[in-house]
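Biologist: I have the sequence and the model open. Can we go through the side-chain packing, then a few of the helices and strands?

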Amino acid sequence: MAIRPSDMNNFVTALLPSLSQSLAEQFSIFRVMHHGTHEKQLSNVFVWLLDADATHEFGDKVQRAFLSRVNATRSVDSQLPLSGYHVVQEVDTRAQQEIADESSMDIADIVLSRPEAAVVIENYGTSDGHGHDFHRYLAHGAAGGRSAAVVLLCHRYEAHLQREGWEQATVVTYAEILSDLQNYIDRDKNWSRRHPEQFFFIRQMMEHFVEGAAAVDIDDQISFIKAKCETGESARYGYRPRDRAAQEFAESVAEHARRQFDDSRSTLAAVKDGLRRYARTVLTDQVNESTELGRIQKVVTRFVGQWEWCVELQRADAQPTIFLEFGPTAAVENGRVADPLDAPDYSRIFLTLQDARRDGIALIIETEVSLGEIIEGLSRDDVRLRDAVLAMTAEV
């Protein structure tokens with residue numbers, strides 16, 4: 001029986017609460033600490049693993065496994081040494097003559113170096129150079145006549161994202177590094193007995209980055225059955241053979257979920273575009289006509305990744321920046337702020353205020369303006385965002 005696209009869309013939407021609940025209920029040190037959501041946090045972890053002198057007590061075994069992965073993509077006469085590398089983070093890859101030009105700054109996440117060889121690593125969620133200069137990375141590694149490799153360290157290998165030289169980079173995934181590490185742990189049972197704290201941390205890494213979510217519990221399974229029955233999907237339980245039915249169902253859900261995800265990203269982009277235009281053409285004038293201190297000087301949209309859904313209001317008189325945030329970015333910030341909102345409505349626009357004393361934000365508030373209103377376009381006499389900005393500045 002063919003399922004209409006609208007029925008499958010309804011099913012995917014109905015199922016999401018159950019899936020998200022089962023994920024949220026699983027303990028993970030990475031989720032508790034909100035760690036692993038930013039590339040620098042992940043670089044910290046992999047630098048720790050790659051450093052032969054670090055407290056993991058693996059010695060150079062991770063370094064050797066990593067270099068073996070790199071060498072597997074290189075010719076026999078261009079093999080790199082397997083160990084003996086010094087490991088550092090956030091290295092400026094500019095040549096000496098470029099240092100004066102700060103606009104050319106290009107920071108590599110991790111660099112492994114020894115006198116005759118170097119590996120320059122860009123760490124990102126996908127195998128994407130995301131704006132960095134591959135050739136500059138390679139030149140930095142090869143400085144002084146060293147043998148060099150450029151590596152994309154990533155969660156997901158997506159070859160089509162590798163452009164502008166990055167198709168020449170070696171790709172190593174988190175799963176590959178951690179799987180090599182797990183193989184070593186499996187062979188050396190004494191290590192886990194001698195190092196229970198490190199073993200616990202490595203297991204958490206494996207579960208978070210490699211194995212994925214555990215199976216759902218009984219309540220979640222019942223919710224799954226309920227969603228299938230309510231959305232016309234229950235007929236699949238009668239299909240034979242079962243393995244094929246399960247595979248076809250999974251593929252159908254994946255396709256519709258992918259389509260909904262892609263469409264939702266387009267919606268987020270439309271909100272960002274509308275919010276940026278409104279901030280530049282209307283909100284700036286509204287705020288600046290109402291205040292003398294901390295007038296808006298510039299509207300900027302410079303962030304990417306989980307911080308992408310944000311419009312930045314840079315202010316005069318050394319006043320802290322205000323951010324118009326929505327969707328995923330608002331959700332992340334509400335999890336980081338000292339006084340989070342109890343029941344935020346993520347169909348609305350949020351304001352956050354930069355913390356002048358430390359990295360992060362000092363305050364978050366929810367506005368009355370919805371994402372749909374931004375897409376449709378706010379009128380010039382709508383002052384809800386202006387009032388929210390003025391209210392936030394009055395609190396500091």
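Biologist: How many aromatic pairs does a search of the whole structure find?
Modeller: The search finds 10 aromatic pairs. Rings of Phe, Tyr and Trp (its six-membered ring) pair if their centres lie within 6.5 Å; planes under 30 degrees apart count as stacked, over 60 as edge-to-face and the rest as tilted. In one of them, phenylalanine 303 and phenylalanine 323 have ring centres 6.3 Å apart and planes at 55°, so that pair is tilted.

Biologist: Before we go on, what kind of model is this?
Modeller: This is a predicted model: local features need pLDDT of at least 70, side-chain atom pairs count only at pLDDT 80 or more, and totals for chains, interfaces and linings use all residues. Residues are numbered from 1 along each chain as its sequence is written, and side-chain values use heavy atoms, with hydrogens and water left out.

Biologist: Where do phenylalanine 303 and phenylalanine 323 lie?
Modeller: Phenylalanine 303 is in the loop between strand 6 (296-300) and strand 7 (310-315), and phenylalanine 323 is in strand 8, so the pair ties together parts that are 20 residues apart in sequence. Helices (H or I, at least four residues) and strands (E, at least two) are DSSP runs, numbered from the N terminus.

Biologist: Is phenylalanine 323 buried or exposed?
Modeller: Phenylalanine 323 is buried at 9% relative accessibility, while phenylalanine 303 is partly exposed at 25%. Buried means under 20% relative accessible area, exposed over 50%, partly exposed in between (1.4 Å probe, protein chains only).

Biologist: Which aromatic pair does tryptophan 309 form?
Modeller: Tryptophan 309 forms a tilted pair with phenylalanine 326, at 6.2 Å centre to centre and 55° between the planes. Tryptophan 309 is in the loop between strand 6 and strand 7 and phenylalanine 326 in the loop between strand 8 and helix 11 (327-336), so this pair ties together parts that are 17 residues apart in sequence. Tryptophan 309 is buried at 4% relative accessibility, and phenylalanine 326 is buried at 0%.

Biologist: Switching to helix 5. Which of its residues are buried?
Modeller: In helix 5 (residues 134-142), Phe134, Arg136, Tyr137 and Gly141 are buried. They cover an arc of only 165° around the axis (taken from the directions from the helix axis to the C-beta atoms), which puts them on the same side of helix 5.

Biologist: What do they pack against?
Modeller: The buried residues of helix 5 pack against strand 2 (107-114), strand 3 (117-126) and strand 4 (147-156). Contact means heavy atoms within 4.5 Å.

Biologist: And strand 9, what does it pair with?
Modeller: Strand 9 (residues 348-354) has five of its seven residues buried. Strand 8 (residues 322-325) pairs with strand 9 in the antiparallel sense over four bridges, and strand 10 (residues 361-370) pairs with strand 9, also antiparallel, over six bridges. Two strands pair if DSSP finds at least two bridges between them.

Biologist: Which residues stand opposite each other there?
Modeller: Glutamate 325 stands opposite phenylalanine 350 in strand 9, and arginine 348 stands opposite serine 370 in strand 10.

Biologist: Last one. What is glutamine 286 in contact with?
Modeller: Leaving aside its neighbours within four places in sequence, glutamine 286 is in contact with Tyr278, Arg380, Asp382, Val383 and Arg386. Glutamine 286 is in helix 10 (residues 242-288) and is buried at 9% relative accessibility.
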